[in-house]
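Subject: Structure for you to look at

Hello,

Here is the structure I said I would pass on. Please open it and keep it beside this email while you read.

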Amino acid sequence: MDIVLLILGFICILIGVLGSFLPVLPGPPLSWIGLLLLYSTKAVPDNWWLLGITLFFALLITIMDYVIPAMGTKKFGGSKAGMWGSIIGLFIGLFLPIPGGIIIGAFLGAFIGELTQNTDQKSALMAAFGSFLGFLTGTFMKFLVTVIYAGLFIWKAIEYGVELFTFS
C-alpha cells in the first residue's frame, strides 16, 4: 500500500508543479496532498507540524494568487476585464506554438481586456502591465512553493526509501 501512496503522492506533486502555471489546477494544494499521501505511508513517521505549516502556506499562496493580480491591476489603473483577459490570454498562449506563449498570451489578453473597457491605449497598456505583473508574481510564488514541496517529498522518499520499498 505504501508504494501506491508514494506513486499517487508523486503524481500529485507533479500535477501541483504544473498547476503553478495553469490557473485551472490548484498547484500548492495538490502538492500538499502529495506530501500528505507520503506521510500517510507506514514507512514515513507522522510530522503534523510540517503538514500543518505546509498546509497553511499552500492555502495562503492560493488565496494570494487571486489577490495579487487584482492589486497589480488596481495599482496600475486596470479593471476586472484586464484580469480576466490575462487569464484567457494565458489559456490561448498555452496552445500557441511559440516560445513564451503563456507570457505573451497573458499580457495581450490583459491589454485587449482593458481595451474592451473603452480606455485609451496608454491606460490599457499600463493596466495590462499591472495585471501581467500580478499574474507573474502569483505564478512565481506558486511555482516556488510547489518546488519546495517537491523537494521535501523527494528528500523524505529517499530518506525512508528502504522502508518504503520493503516488500514483506
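Predicted model: local features only at pLDDT ≥ 70, side-chain atom pairs only at ≥ 80, totals over all residues.

Aromatic pairs

A pair of aromatic rings is described by the distance of the centres and the angle of the planes. The count of aromatic pairs here is three. Two of them are described below.

One is formed by Phe10 and Phe153, whose ring centres are 6.1 Å apart. Their planes meet at 40°, which lies between the limits of 30 degrees for stacked and 60 for edge-to-face, so the pair counts as tilted. Phe10 belongs to helix α1 (residues 2-19) and Phe153 to helix α6 (residues 121-159), so this pair links distant parts of the chain, 143 residues apart.

Phe21 lies in the loop between α1 and α2 (27-39), and Phe143 lies in helix α6. They are 122 residues apart, and the pair again links distant parts of the chain. Phe21 is partly exposed at 33% relative accessibility, and Phe143 is partly exposed at 31%.

A charge over a ring

Which ring has the charged end of Lys156 over it? That ring belongs to Trp155, and the charged end sits 4.6 Å from its centre.

Helices α2 and α6

The axes of α2 and α6 are 9 Å apart, and the two helices pack at an angle of about 10°. Angles under 35 degrees count as roughly parallel, and α2 and α6 are therefore roughly parallel to each other. On the α2 side, the residues in contact include Trp32, Leu35 and Tyr39. On the α6 side, they include Tyr149, Phe153 and Lys156. The residues of this contact divide into 10 nonpolar, four polar and two charged.

Thr137

Helix α6 also holds Thr137. This residue is partly exposed, with a relative accessible area of 34%. Its C-alpha atom is separated by 25 Å from that of Thr119, which is 18 residues away along the chain.

Regards

Technical notes. Residues numbered from 1 in each chain as written. Heavy atoms only, no water. Phe/Tyr/Trp six-rings, centres within 6.5 Å; stacked < 30°, edge-to-face > 60°. Helix = DSSP H or I, 4+ residues; strand = E, 2+ residues; numbered from the N terminus. Buried < 20%, exposed > 50% of the residue type's maximum accessible area, 1.4 Å probe, protein only. Lys NZ or Arg CZ within 6 Å of the ring centre and 35° of its normal. Axes fitted to C-alpha atoms, helices over the stretch in contact; angles between N-to-C directions. Parallel < 35°, antiparallel > 145°, perpendicular 65-115°, else oblique. Contact = heavy atoms within 4.5 Å. Nonpolar A, V, L, I, M, F, W, Y, C, P; charged D, E, K, R; others polar.
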